[in-house]
Amino acid sequence: MLVGNYNTLWRWLLPTWAGERNPGARDIAMAANGFGASYTLVTGITSTDSWIENTLASAQTALLSEKFPRQEGVFSGAGDTLSAALAALLASGCELEAGF
C-alpha cells in the first residue's frame, strides 16, 4: 500500500501527464501499481466546493472515497499518522476492504 498526498504522488508517479484533465486517484494507483503497490490511498484531493477528498484505489477501481471539510491552518505529520494507523491495521490482520 502506498499512501501519499495527491500533488506529491502526481508529481512523482505521473511527471509527464499530458491528459486534458488532471489525473484521478485511479490513474495514480495504476502508476503506483507499476512499482508494486497493490493499493494507493491518495489524500488531499482538492474539490471546488471547499472539501478535501481521500480516495483508496487499486489499478482496477476506486474502492472508497471520503470527503472532509477543508480546515484552516497548516498541518504537519497527518500523513505519517495515517500511514502508521494503516500499517497497524494491516499488520494485525485486518482486511483492507473491510477496514474502511
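Is Y39 buried, partly exposed or exposed? Y39 counts as partly exposed, because its relative accessibility is 24%. Here buried means under 20% relative accessible area, exposed means over 50%, and partly exposed is in between (1.4 Å probe, protein chains only). You will find Y39 in the loop between α2 and β2. Its C-alpha atom is separated by 15 Å from that of A85, 46 residues apart along the chain.

Before we go on, a word about the model. It is predicted, so local features need pLDDT of at least 70 and side-chain atom pairs count only at pLDDT 80 or more, while totals for chains, interfaces and linings use all residues. Residues are numbered from 1 along each chain as its sequence is written, and side-chain values use heavy atoms, with hydrogens and water left out.

**The overall fold**

The chain has three helices and four strands, and along the sequence they follow the pattern β-α-α-β-β-β-α. Helices (H or I, at least four residues) and strands (E, at least two) are DSSP runs, numbered from the N terminus. The C-alpha trace spans about 40 × 35 × 20 Å along its principal axes. Of the 100 residues in the chain, 29% are buried.

**The nonpolar core**

A nonpolar core is a set of buried Ala, Val, Leu, Ile, Met, Phe, Trp, Tyr and Cys residues joined through side-chain atoms within 4.5 Å. The largest one here has 13 residues, and L13, I28 and V42 touch the most other members. Two or more residues come from each of α1 (6-13), α2 (25-33) and β2 (40-46), and α2 gives the most, with five residues. In soluble globular proteins, nonpolar side chains tend to be buried together.

Let us look at I28 in particular. Leaving aside neighbours within four places in sequence, I28 is in contact (heavy atoms within 4.5 Å) with Y6, L9, W10, L13, L14, T40 and V42.

**One salt bridge**

A salt bridge is a side-chain nitrogen of Lys or Arg within 4 Å of a carboxyl oxygen of Asp or Glu. By this rule the count comes to one: the side chains of D27 and R21 meet at 2.9 Å, N to O. Side chains of opposite charge can pair when their charged atoms come close.

| Residue | Relative accessible area | Class |
|---|---|---|
| D27 | 14% | buried |
| R21 | 49% | partly exposed |
| Y39 | 24% | partly exposed |
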